[in-house]
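Hi,

Here's the structure I promised to pass along.

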Amino acid sequence: MNLKKEMDIICAEIKSDPGYRQAWKANIAMAILDTYSEDIGFGVDDEYGRMHLMANKAAERFLNLLTMDSSNE
């Protein structure tokens, strides 16, 4: 098993398949929301809405970093 090769395949799919990327994003965002909810909790509905947006932004940022082409560095 070659981890780099496998990750290259996964990253290529995340870049080329919008549905696959969305599935990754949703799972990452929900893990963030679940952890926040378990550790801190939500006081008001607005707080959940803001945290939901932040979790989605964080997931998108993670995917952008994961799939960034670092071969030129």
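A quick definition to start: pLDDT is the predictor's confidence in each residue, on a scale from 0 to 100. You'll need that because this is a predicted model, where local features need pLDDT of at least 70 and side-chain atom pairs count only at 80 or more, while totals for chains, interfaces and linings use all residues. Residues are numbered from 1 along each chain as its sequence is written, and side-chain values use heavy atoms, with hydrogens and water left out.

The mean pLDDT of the protein is 89, with 89% of residues at 70 or more. Among the elements, α1 has the highest mean (95) and α3 (residues 45-66) the lowest (90).

The protein has three helices and zero strands (DSSP runs: H or I of at least four residues for helices, E of at least two for strands, numbered from the N terminus). Helix α1 covers residues 3-16 and spans 20 Å from first to last C-alpha. At its start, a side-chain oxygen of Asn-2 comes within 3.1 Å of the backbone nitrogen of Lys-4.

Now the inside. Of the 73 residues, 21% are buried (under 20% relative accessible area, 1.4 Å probe, protein chains only). Leaving aside neighbours within four places in sequence, Leu-33 is in contact (heavy atoms within 4.5 Å) with Phe-42, Tyr-48, Met-51, His-52 and Ala-55.

Cheers

Technical notes: The expected span of a helix is 1.5 Å times one less than its number of residues. A polar contact is a pair of N or O atoms within 3.5 Å; within protein, one must be able to donate a hydrogen and the other to accept it, and residues adjacent in sequence count only if both atoms are side-chain atoms. Buried means under 20% relative accessible area, exposed over 50%, partly exposed in between (1.4 Å probe, protein chains only).
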